[in-house]
Amino acid sequence: MLKVDLKGIAKVRAKGRIYYYAWRGGPRLKGKPGSPEFMASYHEAVESRRAPDQSHFRFVVSDYKASAGYKKLAQSTREQWGKWLDRIGNYFGELRIAQFDRPEKIRPVIRRWRDQWADTPRTADYALQVLSRVAAHAVEIGRIAGNPCEGIKHLYKNDRSEIIWTDSDIAHIKRTCSAEIANAIDLAAHTGLRLSDLVRVAWSHIGDEAIVLTSVLGRTKRQPPKRPRQTIIPLYGALRDILARIPKRATTILTNSRSRPWTSDGLGSSFNKAKMDADMFERDLHFNDLRGTAATKFYIAEFTEREIAETLAWEEESVRKIIRRYVGRTAAIKARIKKLEAKR
């Protein structure tokens, strides 16, 4: 019989007998070493390891690594993400994909995994970010209905009151994103609505002079129901132009590529994918940072700082910071350029 020297085979002696396994912890091999049966079972085990069971989450990780979206990432991003994808595969790989369709069950598991790096909050959030992208891929290929990572709060706290999407940021992402995502970005940047409110805005909410959206506030068992809050967005010229070019496909203003109303998770996941396609994923810009962009547009449209604060439900100081940083600074620079040109 031929002598077989295959790398990785585990040899185990138990109760006076010797058993061979394709690798430590792997499937047991059939037949005697060197026999056709032995070789066939070994190659079958190796092949099954290369092509993971499509019912387990390891398949989603593998499929994402082979996707065009992953290959479009910058080389430096792939190098960083590759390490985290391996960690995700090792930790979640043997779970059935269907388990990720039960948010109430899987979210505690996700949080426990992320909390391994709780001492370094930015690292923990980065881990969650990569896992969220893999889960979004599972949604895209139709394996789960929603992204269970959506709604899990980040550990790292920072002041985002002065962070906005600039016109150049918006122009950059719109070069590669779909028309549906572009419509969502434009509407968010001109209304200041949160993502969760944005997906609810219907054509019926548009009046002659304003968009009026009523938010039903929650309550606790010990508290009476709170009064509904009304958000009133005046219809200024630029906002009317945005609404005029969005096609009416459903009762809601914003729809996905199937002409169906967006869900918060669906729009959030698709927006993150658009950021990735535009090679912007490492930039510290969130969807709701478009609210700050709206604040600058309101100011240019001659809203007072108090009116902007009331519209966005912000503190006036937050509005003042954004105006001073993005609008006031730009105006001052233009004024100086004008003086220099006049002297020359």
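This is a predicted model: local features need pLDDT of at least 70, side-chain atom pairs count only at pLDDT 80 or more; totals for chains, interfaces and linings use all residues.
**Close-up views of a pocket and its neighbouring topics**

**View 1. The second largest pocket holds about 650 Å³ of space.** Of the 25 residues lining this pocket, Asn-256, Arg-258, Trp-262, Gly-266 and Ser-270 are the closest to its centre.

View 2. Rolling a probe the size of a water molecule over the atoms shows where empty space is left.

**View 3. Lys-65 and Asp-86 form a salt bridge, with their closest N and O atoms 2.8 Å apart.** Lys-65 belongs to helix H2 (residues 57-65) and Asp-86 to helix H4 (residues 75-92), so this pair ties together parts that are 21 residues apart in sequence. With a relative accessibility of 32%, Lys-65 counts as partly exposed. Asp-86 counts as partly exposed too, at 40% relative accessibility. Across the model, the count comes to 13 salt bridges.

**View 4. Asp-186 and Lys-174 meet through their side chains in a salt bridge of 3.0 Å, N to O.** Distant parts of the chain are linked by this pair: Asp-186 sits in helix H8 and Lys-174 in helix H7 (residues 167-174), 12 residues apart. Is Asp-186 buried or exposed? At 7% relative accessibility, Asp-186 counts as buried because the cut-off for buried is under 20%. Lys-174, in turn, is partly exposed, its relative accessible area being 31%. Arg-245 joins the picture as well: Lys-174, Asp-186 and Arg-245 are linked in a network of salt bridges.

**View 5. Within helix H11, Lys-273 and Asp-277 are four residues apart.** That spacing means they are separated by about one helical turn. How far apart are the closest N and O atoms of their salt bridge? For Lys-273 and Asp-277 the distance is 3.0 Å. Side chains of opposite charge can pair when their charged atoms come close. Lys-273 counts as partly exposed at 27% relative accessibility, and Asp-277 counts as partly exposed at 25%.

Terms used. Residues are numbered from 1 along each chain as its sequence is written. Side-chain values use heavy atoms; hydrogens and water are left out. On a 1 Å grid over the protein atoms alone, a cavity is a set of points where a 1.4 Å probe fits but cannot get out, and a pocket is an open set with protein on both sides within 12 Å along at least five of seven lines; lining residues have an atom within 4 Å of a point. Grid points are joined across faces, edges and corners, and a volume is the space filled by probe spheres set on the points. A salt bridge is a side-chain nitrogen of Lys or Arg within 4 Å of a carboxyl oxygen of Asp or Glu. Helices (H or I, at least four residues) and strands (E, at least two) are DSSP runs, numbered from the N terminus. Buried means under 20% relative accessible area, exposed over 50%, partly exposed in between (1.4 Å probe, protein chains only).
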